[in-house]
Amino acid sequence: MLSNIRVVLVGTSHPGNIGSTARAMKTMGLSTLYLAEPKVQPDGHSVALAAGASDILKHAVIVDSVAEAIADCSLVIATSARSRTLDWPMLEPREAGEKLVASALDGPVAIVFGRENNGLSNEELQKCNYHVSIPANPEYTSLNLAQAVQIICYEARVAHLEHEKREFEKGRPADYVEEKIEYPFAKERENFFGHLESTLLGTGFIVKQHPGQVMTKLRRLFSRARLERQEMNILRGMLTSIDKKMAPKDDT
């Protein structure tokens, strides 16, 4: 289960932070590290700070974007400070750990950490189902990257151990799932949002020159609802039917 929880570091600029992240992950039993748009590559300093977790560095996957790092994930949670400009479904760290573990039973999930100096962009944040904020001291919120990773990985491990305990008490294997719900991958969600925007432009509901915040609010709405794959397929079918009705008719 824990191997399905993917830690994604975005735009990391200090190799030591990559090594410290690997150490934080391994102490909690996580092993899958993705580096999206890294400014630096893991080096000797990374290995030194990994302190025995160099195997995670060795198998780290380097990709060009957040979208590529999360494309096959059914649940994506971004770490973010609470923002008034982007009101997104928020989780506490404990809730984040529970959701990650529950969804990891069925396949890859991701927790995304932003750049050391300015975090994640609004565009990157909108690609995620939920945001998680660590409730640090409001008078001193200076957590470094590896510390933030350690906190979320710890919550995932606590949730994992609690899941194993519940299943053991029920006499079930740890990977038992009562009712499997399929959720779309991040890539499928982006395809849906692209289709939705295209159709709404076609109907005139939104205007390309003045899109306002409509698509942002719709992304937030569907992220809060967390559509299942079957539900998203129904919506895609509805959009396709609208597209067909709007298509110019051939008079010949």
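1. The domain bounds used here come from an automatic or database domain assignment. The model is predicted. With those bounds, the protein chain is divided into domain 1, residues 2-170, and domain 2, residues 186-246. The centres of the two domains, taken over C-alpha atoms, are separated by 28 Å. To the contact between them, domain 1 gives 16 residues and domain 2 gives ten residues.

2. The size of an interface is often expressed as the accessible area that is lost when the parts come together. For domain 1 and domain 2, the area buried between them is about 1200 Å², and 45% of it lies on carbon and sulfur atoms.

3. What polar links cross this interface? Nine residue pairs are in polar contact between domain 1 and domain 2. On the side of domain 1 that touches domain 2, ten residues are nonpolar, four are polar and two are charged. Two salt bridges are found across the interface of the domains.

4. Strands of a sheet pair through backbone hydrogen bonds, in either a parallel or an antiparallel manner. Here seven strands form an open sheet with parallel pairing, in the order 3-2-1-6-4-7-5. Strand 3 (61-63) and strand 5 (90-91) stand at the edges with a single partner strand each, so one side of each has no neighbour in the sheet.

5. Within the sheet, strand 1 (residues 5-10) and strand 6 (residues 109-113) run parallel and are joined by five bridges.

6. How many salt bridges are counted? The count comes to nine. One of them joins arginine 220 to aspartate 87, with the closest N and O atoms 3.9 Å apart. This pair links distant parts of the chain, 133 residues apart: arginine 220 belongs to helix 9 (residues 214-225), while aspartate 87 lies in the loop between strand 4 (76-79) and strand 5. A salt bridge is also formed by lysine 127 with glutamate 190, whose closest N and O atoms are 3.5 Å apart.

Terms used: Residues numbered from 1 in each chain as written. Predicted model: local features only at pLDDT ≥ 70, side-chain atom pairs only at ≥ 80, totals over all residues. Heavy atoms only, no water. Contact = heavy atoms within 4.5 Å. Buried area = accessible area lost by both parts, 1.4 Å probe. Salt bridge = Lys/Arg side-chain N within 4 Å of Asp/Glu carboxyl O. Polar contact = N/O pair within 3.5 Å; in protein donor to acceptor, adjacent residues only side chain to side chain. Nonpolar A, V, L, I, M, F, W, Y, C, P; charged D, E, K, R; others polar. Pairing = 2+ DSSP bridges. Helix = DSSP H or I, 4+ residues; strand = E, 2+ residues; numbered from the N terminus.
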